[in-house]
Amino acid sequence: NLFKRNIPAKSILNLYCAKWRDNKGHKSVKSQMKEMAKCMDQDCEQSLESDNGCRFFDSDRLCYAYSSAQQWCASDPTNKYCHDEGEDWAQKPFGTAPDAASTKWVPKQKVQIANPSAGDPTEFNCACYKDCACKFKHGRSGSCRCVDDKNPVVVGDPLEVIMHKKGRDDTTLRIIRDTNKAGQCSCICGGQSK
């Protein structure tokens, strides 16, 4: 089943995506961005799983959390609740991507802020490092431990992963090779991360 208690507004999502959906109207802008970054971490990692994937989404473009939900949508892709991003967004059995690195999953863009105050942004973008574990520290430094330290895979808005030091853009995020990070993701949304 795709829904909690058969309620379409309560899609079965990854934990932080469900928290973002259910609480965004009661959270500050910064909290909404942090919660979405955690959500995108989980969806990104699901997109790298060979037995699950992230091809089918709910109406907010958040992954249905379980392989049973992905299977249900794969068997009925025209169902109004199964928003299909395409075969290249998942590996077999739900798609045609030959491996995890080839999936076309990308994080949400133009995420609407719920109840912004005057002067707050009304939307934000996200970016993710695939097969990496990162610590983003805007204003100071940041580092990522990635399977591929020479060409780490970044998807989404590339401006989100630029570190800002003393008012200048610095794209020299420290990347360290770590083959144990396969299947992990680190995302940043609106300058906020987990």
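Helices, here runs of at least four residues, and strands, runs of at least two, are DSSP assignments numbered from the N terminus. By that assignment, the protein has three helices and 12 strands. The model is predicted.

**Overall fold**
- The protein has 194 residues, and 44% of them count as buried.
- Among contacts with a separation of 6 or more, 64% join residues 24 or more positions apart.

**Gln-46**
- Helix α2, which spans residues 29-47, contains Gln-46.
- Gln-46 counts as buried because its relative accessibility is 2%, and the cut-off for buried is under 20%.
- A polar atom of the Gln-46 side chain lies 2.7 Å from the backbone oxygen of Gly-53.
- The backbone oxygen of Tyr-64 is also reached by the side chain of Gln-46, at 2.8 Å.
- Leaving aside residues up to four places away in sequence, Gln-46 touches several residues, including Asn-14, Asn-52, Cys-54, Cys-63, Ala-65 and Gln-70.

**The β6-β7-β11 sheet**
- Strands β6, β7 and β11 form, in that order, an open sheet with mixed pairing.
- The edges are β6 (132-136) and β11 (174-177); each has a single partner strand, so one side of each lacks a neighbour in the sheet.
- From one strand to the next, the twist averages 15 degrees.
- Strand β7 (residues 142-146) runs parallel to β11 and is joined to β11 by four bridges.
- Arg-145 has Ile-176 of β11 as its bridge partner.

Technical notes
Residues are numbered from 1 along each chain as its sequence is written. This is a predicted model: local features need pLDDT of at least 70, side-chain atom pairs count only at pLDDT 80 or more; totals for chains, interfaces and linings use all residues. Side-chain values use heavy atoms; hydrogens and water are left out. Buried means under 20% relative accessible area, exposed over 50%, partly exposed in between (1.4 Å probe, protein chains only). Contact means heavy atoms within 4.5 Å. A polar contact is a pair of N or O atoms within 3.5 Å; within protein, one must be able to donate a hydrogen and the other to accept it, and residues adjacent in sequence count only if both atoms are side-chain atoms. Two strands pair if DSSP finds at least two bridges between them. Axes are lines fitted to C-alpha atoms, for helices over the stretch in contact, and angles run from 0 to 180 degrees between N-to-C directions.
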